[in-house]
Each structure stands twice: as structure tokens, then as C-alpha cells.
Amino acid sequence: MASAEDLPRSELPDMTHGHDSETTESWFDRTMHMDQYGTRLPFGSLGAKGLTHRFVELSGADRGRELNVLDASGGYASACLGAGSPVVGAALSRAVEEAGYVTDEIHSWERSKLLELLFRGDGLWAEQFPADEYHVAGRNSGSEGMEMALRLALESRFDHRRLRPAEGRGHRDIVLAFEGAWHGWTGGLLPLLNKRHYRIGLPSVAPEPYGFTVRHIPFGQFDAAREFFARHGDRVLAVVIEPVQGDAGIIVPPAGYLREVARLCTDSGALLVADEVLTFAKTGQFFGMADENGPIPTDVSVVGKSLGMGALSTSMVIARRNLTVRATGAISTSDLRPLTCAVIRAGLEHIQAEGMLEKSRGLGEHVAKRLDEELVTAFPELYTESRGSGVMHGVELTQRVADRLGEFRETMIRSGVFVEFMGGAGRRSGGLRYVFPTMRVAPPIVSTLADADAIVERLAAGSRSFLEVSA
């Protein structure tokens, strides 16, 4: 089997500082940290810089062997600037020393500077979210941001003063979601997932008059959406949609689909909630809710993951100004605190100054071509197709690989590349074929063409190794 040392890689700086000789003997988190995966990978991380991570084997004959591994996952899709960004480091240091920690009931200079950068005048996001039409809130994670978005939709049909359904809105009891959707783990979001594995045995949403019903339709099918609204449009409170479905297998909708869903919402009086937690800054622009005609209007958009620049877990909920919550009903410890705002602002200014989103479009096209040629075409026994948008790509596996996914992933790591696999958040109806687990290739937007080439080369080497051992 090829090892990381045998393959091309970016130059790795010294990352030995702080790790003593007992490091590979203890690894106390293996027994103390809750196992949420069912089984963990037999590797430990000693640190990282840029795209390069220093892993070590934790078991077997090669225990203690170190591997230099390129991160093709972008830090679980959250580290758009890679590891050890000096921009992020400087922002954290300054904010810790200067920014303070006031809550959102006190106006903050750091928060003001961030929101001016984004929404004021010709701000980075002002075209998509004009300041006179939208306001924002912050949360600690993408899941919490989506809970806030759902809360805003529910509050829109409720009379806050009289504590009863608002006139003309109380009958709207359907939240429309999509087969394969993934919006987070938290209790309020579970009904949006159509995979029984995540819901069974857990509390469900209360029935009417104050609950809601979730319905699922196939993603990307015009007729299914039009038919549902023709039958139930007057009852639809909100539609919750991912511009590109992530956990379902990086499913990109056909051209015009997102704008048609937006039109159906507008015509029926339903709210459109966009889950951009995963797609933020990965589709070649900041937001996936856009097409050749420009931004696609939403009532609520939630961004996260890369928003924290790989250093913080955070999210932002951007909603129309008429959407709000009852007084003190959604206070959060993590609502755009000064330190968070300082890191976000520094990262976004850097992305803009370096033209990273524009560069990522070319990088994404390059990666897409190489994945198709050097994985899908070269290894039909392992892969069925490649698809994606911007730097976010999915390479769908065959059943042969899906049945041995753990072994396959370990082989990739030992071949010098770290990738994640989307399990699929539910089977799909409407004549859509079943999607096997999909390998997500979404490197940080700081990646160079050389980095992308090295990633694909290592994926190809891992594919060859897997075929050799599984023959």
C-alpha cells in the first residue's frame, strides 16, 4: 500500500513542538471521549498547518508511524482558510485583548464593524440582503441557527401579545422539507429529516394548535414542488431547503429549480428558509441561493461552518425585518459576541482582498475535471459519478465500496488524504435512484492548484491500494 511519504505533498513545517514521547502511549480521549460514530478511526492528530495534518497510527503493526495527510474535507467543511491561518490568529489575539465580552443588549463596536462590512451601503452581502429589509442574529452552531430560523417561521403565525395564533396565519401548519435533507441534530430539527434512524425513539413535535406537520417531497423535481403547492399551498408555513444537499450526497438541483421554489413560496405566502450552513463560501460565491440572474430572495438564510474560519463554531441567521420573536424569547449566550465578530470580519476581509471566491471557481472546475477523469473514469469498480458546485464535490461510491466503507477510508488516510463520506439522509422517491454513500471532496478555499492536484493524486493512489487489497 502506498504511504503518504511516497506521494507528492505540500511542504510540511515542523509541528513537533508540544508533543512528548508519551503521546502515542496515552491518547486518553480514546476511552474518555464519548464515541458518537460507533467506531473511531485508528489515527491520532498531532497538529496541522494549512492543508497538511500530522497523523499517527494508534494500533496494529504500524503503531506510532506518522503520516502527513492532506485535508480534502476543509475541516469538516468549516476551515475555509485551512489550519493555522495568521489572519485568524491575529484577529483572535487582538479580540481577546481588546474586544471585551458584552452581550447583545449592549451595542458593540466589533459587531457594528462586522455588520457594516456586510450590509451597509455596498457591503459584501448588501445586494442579497439589503439593510432596510433584513436584520441578523448569531448562534453557536449551524443547528442552533436552523432552530432559530424555524422559530422565526413559527412565531410569524403567532400573536405575541395575546399568545394565540395570529389572524389569517394560524391555519398554516405545514413545514415543507425535502427527501435527503440534513439540517442538524437538535430536537426541533429532527422532524425535517426523513431518515428514520435519526428520529425513532425521540420526542416528536406536538400536534396542532401550536405544533406543525413536516412533509417531504423529492429534491430537484419541478413537478413535485408545483403539485404540492397546488394542493396544499395555503397551509404551507415555510419551506426549508439546502441550495445543494449535503448529507444526501452533494446533490445539485437542476438549473432554475431554486428560483422556482422561491416563486412558489412568494405566490402562496409561505416563507423560504435557506440552510446555507454547508454551502456558505463553497459554491464560488458567498451564497448558494443564486443563479445566472443574481441572488434568489429568501425570508431567512442561515450561514455557518466556514463563517467561523475554522477557529470558532458560530452561525448567523439573516431574516426579514418583520420576522422576529417575543421579547427575551430567543436570547443566546453566543449572539454575535465581540470576539466572534472580530474573527469573522478579519476572515471575510481577507477572503475579499485576495479574491478567494473568484479563484475558487477555477479551482473547483479543475478539481471537478480531475475527479471525473482520474477517479470515476479510471475506477468504475469504485465510483459511479462525480458532481458538485464550486469547491464542494461529491464522488458517489459503488456498492462494492459502500459495503467496506471503514476499510476504504483508512486506506485513503494511509495514502495521504483525509476525506469524509456523506451517508445519505434518507431514501428518495419519485423515481429518483438510491444514492450510495458519497465521498465529499471540499478542500479549503486557500487551496492552490498544486494542492488540488496532490489531493486527487492521493485519492487515485488510495483507490489503487484499495483494489489491490480487496481483489
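**Rings and burial**

Me: Why does Tyr198 count as buried?
Reply: Tyr198 has 18% relative accessibility, and buried means under 20% relative accessible area, exposed over 50% and partly exposed in between (1.4 Å probe, protein chains only), so Tyr198 is buried. Bear in mind that this is a predicted model: local features need pLDDT of at least 70, side-chain atom pairs count only at pLDDT 80 or more, and totals for chains, interfaces and linings use all residues. Residues are numbered from 1 along each chain as its sequence is written, and side-chain values use heavy atoms, leaving out hydrogens and water.

Me: How many aromatic pairs are there?
Reply: The structure holds 20. Rings of Phe, Tyr and Trp (its six-membered ring) pair if their centres lie within 6.5 Å; planes under 30 degrees apart count as stacked, over 60 as edge-to-face, the rest as tilted.

Me: Why is the pair of Trp185 and Tyr198 called edge-to-face?
Reply: The centres are 5.0 Å apart with planes at 80°, so it's edge-to-face. The pair ties together parts 13 residues apart in sequence.

Me: What about Trp185, buried or exposed?
Reply: Trp185 comes in at 56% relative accessibility, so it counts as exposed.

Note on methods. Helix = DSSP H or I, 4+ residues; strand = E, 2+ residues; numbered from the N terminus.
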